[in-house]
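Look at the chains and their helices before reading on. The notes below go through packed helices, chain contacts, domains and overall dimensions.

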Amino acid sequence: MPHIGWKCLKGAFVTVVALGFGFLILPLLVIIPLSFNVEPYFTFTEGMLRFDGDAYSLRWYRSIVENPEWRAAIGNSFFIGIFAAALATVLGTLAAMGLNHPKFPFREFVSAFVISPMVTPVIIVAVGVFFFYSAIGLGQTRLGLILAHAMLGAPFVVITVSATLAGFDHTLLRAAASLGAGPITAFRRIQLPIIAPGVFTGALFAFAASFDEVVIVLFLGGVDQRTIPRQMWSGIREEISPTILAIATLLIAFAILVLLAVELLQKSGKRIHEDT
Amino acid sequence: MKTNRILPTLLWAVAGFGSASLAWAEQTLTVVSFGGSYARACVEGYHKAFTEKTGIRIKLEDYNGGLAQIRAQVDSGSVHWDVVDTESAPLLTGCDEGLFEYVDDLELPPAPDGTPASEDFFDGVLTDCGVGTLIYATVIAFNPEFIEGALPTSIRDFFDLEKYPGRRGMLRAPATNLEFALMGDGVPTEKVFEELSTDEGMRRAFRKLDSIKDHVVWWETGAQPPQMLADGEVVMSTAWNGRIFNAQVQEKQPFVIIWDSHIRDTGTLAIVAGAPNLENARKFVAFATSTQAMVGVAQHISYAPVRHSGLPLVGKHAVTGVDMQPHMPTQPENSRNFLWNDVEWWSERQDELTERFNAWLSR
Amino acid sequence: MNRRRQGRRLLRRFIPVGLALPLVAFVLVTFVIPLATMVVQSVHDPEVADAFPRTLALLADWEDSALPSPDVYEAMAAELVLSRENRSIGKVATRVNRIESGTRSVFAKTARRLESADTSDMPASMIQIDRRWGDVSLWRAIVKAGQRYTARHYLQSIDLERGLDGEIQLVSEERRIYKTLYLRTVYVSFAVTVSCFLIGYPIAFAITSVSDSLAKILLVIVLVPFWTSLLVRTTSWLVLLQNQGVINDILVWIGLVDDGSRLALVHNMTGTLIAMTHVLLPFMILPLYAVMRSIPPVYMRAAASLGANPFQAFARVYFPQSLPGVSAGCLLVFILSLGYYITPALVGGAKGQLISNMIAYHIQTSLNWGLAAAISVVVLVGVFVCYFLFDRWVGIDKLKLG
């Protein structure tokens, strides 16, 4: 009797969990077939449900390629994302290396300080950025967006690099120094290989943070700095065409690629940790 | 060593991109309009011809009307728009505030038969800061596919949730909605603004809107109503007549326009104060308000010319060959009962009513 | 020799600080100074004071029951013309209009017409150009707007204003809006946090209790939405929830809902709640998972072997150990919800708008930047309070993010 009750409970739990996973992933999966709809609607046509080949087409993908606004948006997103991620990675990695030194003064406070942009609601960051950056002439420039996005992305780098440094034995560096290695050589030969996966993961996080950011772009960016999410924003509010679904499908594929890259990096990180 | 080389390269690249976009702006004219099928009609109707004639490239941007973006540019001193397509009430307000250049000295082209522009334009469409280009109507439109029983015929049906259940689309602003509300409540068109000027009339309008508030989806751009009607998101919507026309003929949608009690207004071109390409902007406005340009637009989207010489020249739709005349808002068949927008009235009360409308919306 | 070594040691101590310094400076310039600018913007409103210094000086000892003297009109006229020339008149008009609605057009119109006006009797000429110059309330509004530092925006951000006699009072009922929006924002954040917890906890638990290879697949299902653009996920909910959308189609198809009475799931509060729960769910699951992974399963087994039924074992042994993950996930989701803007704006309609949508409205549309800044500061303080309470109750150092 209690055995059956336990089984029922387990069944109910599995159902709840399955529904939860469905809730997470199905909304994304639904978009993919709809992006191949030959009709300009957001719903499944009868032809699509019959798997009629004529009901599917690549026309919305073609319209991304043909539309100069989308092409510009893609260019802007990568341009801003790459530079913001590069800046965030350099600053974040250096800071993480400093902060993980055991003798760093006021370590907790400084860590909290550099991570604060990540835990402040982005709308408020955007308001501040809008006032200050516009005032110093960075409004409606790519440079302004790069700086703002780097600020949002740097905390991710600090966190991921810190994680790889957490178990780092600082006596190794001293040992290297005593063997005659300069600080740069010691860093390059000893510290860099260990933190490299964290640096790359952090860079990916920072890139994704910029790539996905839209509120600051809405406030600070002009028409020449439109990014993919900014273009999607106006696409949803203004001309609702399935081109958005095609872009969305591409972005889902891109997200999976990033996810795979992060997984691989973490694996290699573990391996290095085990080696040392 | 490596970083030494990378950093200057990065800076150089950033700077290079920045200056490239500056050089781009010099040889172009930035024209800002309402996007979607209307913007396409303007491109086909006269933008291409203008570029061909003058060599000036037009950079087209979209906005949703209003003065916010123009104010932001003029106030901050960094104006990057040249010509804007505006509605008449914001034009008047903006002119009073010094947001637009004066165009009352602009030499406008005569009609094809030589009639001088001053006689050819309709009364009241030439103002200090703007030159009228078209007449458009805000109408009620519905999708018969989602309506059971007899089709709606009047503004009263729009507010009748029992007879026609389902969601309604309305502009997310006080303008047009307050007028529709009173007309839907039985106020004759000629009394609408008089009634709205009283406190009781204003309360009456909000009360009428209250009666359908929970069933309204609010739109902000002209492209949304036809989309929402097609998706069945709403069964009826207020909309600009040209957008509905476009969906009817270009996308073969079965939409129907209720011409009864529509609100009529003029569309106008204006030049932003301190426009970076002022001379080209003036050339553009003169070109765009020629009879040919107006007819060109009217043969792509059902907005009527504001020149006497224009209306008879409007023929068939340039793409589908549909006869445009029956779709013009000025057509006698469509003009039996309508309301002219009271520009002065709105220009005085816009801010106050927007604040009140937003507070009402959030409740 | 000794000194050199000392110097080197000193250098070595400063190397970590030197490494962190660039980022600290960067965050200071790109983040802290902007927030400080925002605070200044919320109280500093110099436009009118800068444009009308002479007029305002003359008005300083004006008793606001009667019209000001002719020399005030003359000073005003001169400064109007000046501010028209330097194009500041639009800004001035906007500010006075916020205090006395319907006065925006007075300024530019008067300035323009003054060029050709009779200057011998300035009060009469100005009143002739616009009768509102003969109205005390316009002058009162100018004096009010002329305050360089003001608490006006903060009052307005909580539906208050100063009445004619200087008393602080509630604004008239038809203009009240912010209190509703703060409460709604807190309510939505709370509801989203609870639903994320209810959906996320079983999911995180499931991932930790299955075999490694299955756990990997399940983790991917959590991470794909996490890495997918927010706009993509919002779009997909728009597609799913709309009237003729997939969910309504399915409900009609299985007969739960009549075709004529499809559910209104989007452009309202329902849409906001569903989409925000989905968007924020990974932020609940990941901290939960990180904590649960470190709970040794032997505890549960030990509890069971001591005679506890699975319920008791879970409630008494497992759940308390997972609490750090619960609190971290809830804090994260709650605070992210407080500042949410994009999702409510796209799927929320009018009834699903939150306070952040009002901030965006004042930045982009009404251009009342002082008010936008004041509301932002109020929200920021709210967020600080949340962190503070969290730190008191749980300890912020327990916060684990994956």
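Helix α12 (residues 230-241) of chain C and helix α14 (residues 269-293) of chain C pack at about 140°, with their axes 10 Å apart; α12(C) and α14(C) are therefore oblique to each other. This is a predicted model, in which local features need pLDDT of at least 70 and side-chain atom pairs count only at pLDDT 80 or more, while totals for chains, interfaces and linings use all residues. Residues are numbered from 1 along each chain as its sequence is written, and chains are lettered from A and ligands numbered from 1 in the order in which they are written.

**Terms for helix packing**

- Two packed helices are described by the angle between their axes and the distance between the axes.
- Axes are lines fitted to C-alpha atoms, for helices over the stretch in contact, and angles run from 0 to 180 degrees between N-to-C directions.
- Angles under 35 degrees count as roughly parallel, over 145 as roughly antiparallel, 65 to 115 as roughly perpendicular and the rest as oblique.
- Helices (H or I, at least four residues) and strands (E, at least two) are DSSP runs, numbered from the N terminus.

**Helices α12 and α14 of chain C**

- The crossing of α12(C) and α14(C) is right-handed; a crossing is right-handed if the near helix is turned clockwise from the far one by less than a right angle, and left-handed if anticlockwise.
- From α12(C), the residues L230(C), R233(C), T234(C), W237(C) and L241(C) meet G271(C), I274(C), A275(C), H278(C) and V279(C) of α14(C). Two residues are in contact if their C-beta atoms, placed from the backbone, lie within 7 Å.
- The residues of this contact divide into six nonpolar, three polar and one charged. Here Ala, Val, Leu, Ile, Met, Phe, Trp, Tyr, Cys and Pro count as nonpolar, Asp, Glu, Lys and Arg as charged, and the others, Gly among them, as polar.

**Helix α2 of chain B and its partners**

- Helix α2 (residues 36-54) of chain B packs with helix α12 (residues 278-288) of chain B at an angle of about 130°, and their axes are 11 Å apart. That makes α2(B) oblique to α12(B).
- The crossing of α2(B) and α12(B) is right-handed.
- In this pair, Y46(B), F50(B) and T54(B) of α2(B) meet K283(B), F284(B), F287(B) and A288(B) of α12(B). By class, the contact has five nonpolar residues, one polar and one charged.
- With helix α11 (residues 241-250) of chain B, the axis of α2(B) crosses at roughly 85° and the two axes come within 9 Å. The helices α2(B) and α11(B) are therefore roughly perpendicular to each other.
- Here G36(B), S37(B) and Y38(B) of α2(B) and G242(B), R243(B) and N246(B) of α11(B) make the contact. These residues divide into one nonpolar, four polar and one charged.

**Contacts between chains**

- Chain A puts 66 residues in contact with 66 residues of chain C. Helix α1 (residues 2-34) of chain A gives the largest share of the chain A side, 14 residues.
- That side of chain A has 58 nonpolar, six polar and two charged residues.
- The contact between chains B and C takes 29 residues from chain B and 31 residues from chain C. On the chain B side, α3 (68-76), α4 (88-96), β6 (216-219) and α14 (343-362) give two or more residues.
- The largest share of the chain B side, 11 residues, comes from α14(B). By class, this side has nine nonpolar, five polar and 15 charged residues.

**Domains**

- The domain bounds come from an automatic or database domain assignment.
- For chain B the assignment gives domain 1 (28-135 + 266-328) and domain 2 (136-264 + 335-362), with C-alpha centres 25 Å apart.
- Across these two domains of chain B, 20 residues of domain 1 are in contact with 17 residues of domain 2. The domain 1 side has nine nonpolar, 11 polar and no charged residues.
- Chain C is assigned domain 1 (1-33), domain 2 (48-145) and domain 3 (178-398). The C-alpha centres of domain 1 and domain 2 of chain C are separated by 56 Å.

**Chain make-up and dimensions**

- Chain A has 12 helices and zero strands, and chain C has 19 helices and two strands.
- Along its principal axes, the C-alpha trace of chain C spans about 100 × 90 × 35 Å.
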